[in-house]
Amino acid sequence: MITCSAPGKVYLFGEHAVVYGEPAVCCAVDIRTRVSVAPADSVTISSSLGTTGIDFETHPYVSAVVERFREIISLEGVSIRIVSEIPVGSGLGSSAAVTIATIKALDTLLGTGLELDDIARMGHEVEQRIQGAASQTDTYVCTMGGVVMIPQRKGLDLIDCGIVIGNTNIFSSTKELVANVAELNESFPEVIGPVLSSIGMMSTVGEDLVNSKDYVSVGKLMNINQGLLDAIGVGCAELSSFTYAARNNGAYGAKITGAGGGGCMVAIAPREHVDDVAAAIAAAGGEAVVTEATDIGVREESR
Ligand SMILES: Nc1ncnc2c1ncn2[C@@H]1O[C@H](COP(=O)(O)OP(=O)(O)OP(=O)(O)O)[C@@H](O)[C@H]1O
Ligand SMILES: C[C@@](O)(CCO)CC(=O)[O-]
Ligand SMILES: [Mg+2]
């Protein structure tokens, strides 16, 4: 049996706008999905969502990965078991992590010799197939780890402060949220276009601030980015309440991460304040997790 893992991620800036070609800055976090594979006569996929064969209802991403491998190598059966610390449908890149960890595990089992760039590319193709429109961000950062700027694929300095995640525990489908933004953009292109460009500008301005570890300024930009995400309709009352709770309790800045509409928000904070920020999010009704950035992307854990 071979086990591979891949990290989740938070966006410092740029989700949604990145689907329209704007830049984004995304950071891998130390919360992982583990996928174990073993030879078998038929395909079995088992996770917290259930046990299935190839099944595009329950396991669309993993099923698409298996089909993709069948295009390059003979693959009759395989047993795939998923254990994840990343909440499903939460803005932390659960779909990218399960996709990338499955690709790496199958590559290792089948000896297809994929390089990291190939894994990221295949992961992006799978996200595009299942999600409709998908940027390369989640699959790239989850493959490489660290902090990356997209579309340049440029590595920035690892975030060296506390990261607190607040989960609304409201399931959100990235596919639906991306489609909602597309609809709003079609209805009001003159209004939404400039908002998306302004979101992109956060990354352009934020890049040097991340590299110089100026987290006070990064936090201010995250707060502006949050206002613009609200403007394009991907916020909700709980996400707003948790971001204010975080900001009022020592965070540098706080915003939605990922698709929004539910799911999670992220705050960056001095390490000495992370417990206060987490307690404030919990008091506002959220599930708070204190984490850190990680430069460990997809990797083999055991065989
Ligand atoms: N542990 C898991 N086991 C099996 N499938 C999973 C798992 N985690 C995520 N998935 C798949 O990913 C889907 C959720 O992906 P989606 O892109 O909507 O949310 P997300 O990736 O958590 O958030 P975001 O894309 O905003 O970061 C689930 O419906 C499921 O198909
Ligand atoms: C909402 C979005 O920008 C981020 C989802 O984590 C979608 C994407 O980039 O594919
Ligand atoms: Mg996703």
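Okay, let's start at the boundary: 11 residue pairs, both at pLDDT 80 or more, are in polar contact between domain 1 and domain 2. By polar contact I mean N or O atoms within 3.5 Å, where within protein one must be able to donate a hydrogen and the other to accept it, and residues adjacent in sequence count only if both atoms are side-chain atoms.

On the domain 1 side that touches domain 2, strands S1 (2-13), S2 (24-39) and S6 (147-150) and helix H3 (116-131) each give two or more residues. These are DSSP runs, at least four residues (H or I) for helices and at least two (E) for strands, numbered from the N terminus. S2 gives the most, 6 residues.

A word on the model: it's predicted, so local features need pLDDT of at least 70 and side-chain atom pairs count only at pLDDT 80 or more, while totals for chains, interfaces and linings use all residues. Residues are numbered from 1 along each chain as its sequence is written, chains are lettered from A and ligands numbered from 1 in the order written, and side-chain values use heavy atoms, leaving out hydrogens and water.

So where are the domains? Domain 1 is 2-155 and domain 2 is 159-291, with bounds from an automatic or database domain assignment. Contact, meaning heavy atoms within 4.5 Å, takes 31 residues from domain 1 and 42 residues from domain 2.

There are also 2 salt bridges between the domains, that is, a Lys or Arg side-chain nitrogen within 4 Å of an Asp or Glu carboxyl oxygen. Glutamate 15 and lysine 255 meet in a salt bridge through their side chains, at 2.9 Å, N to O.
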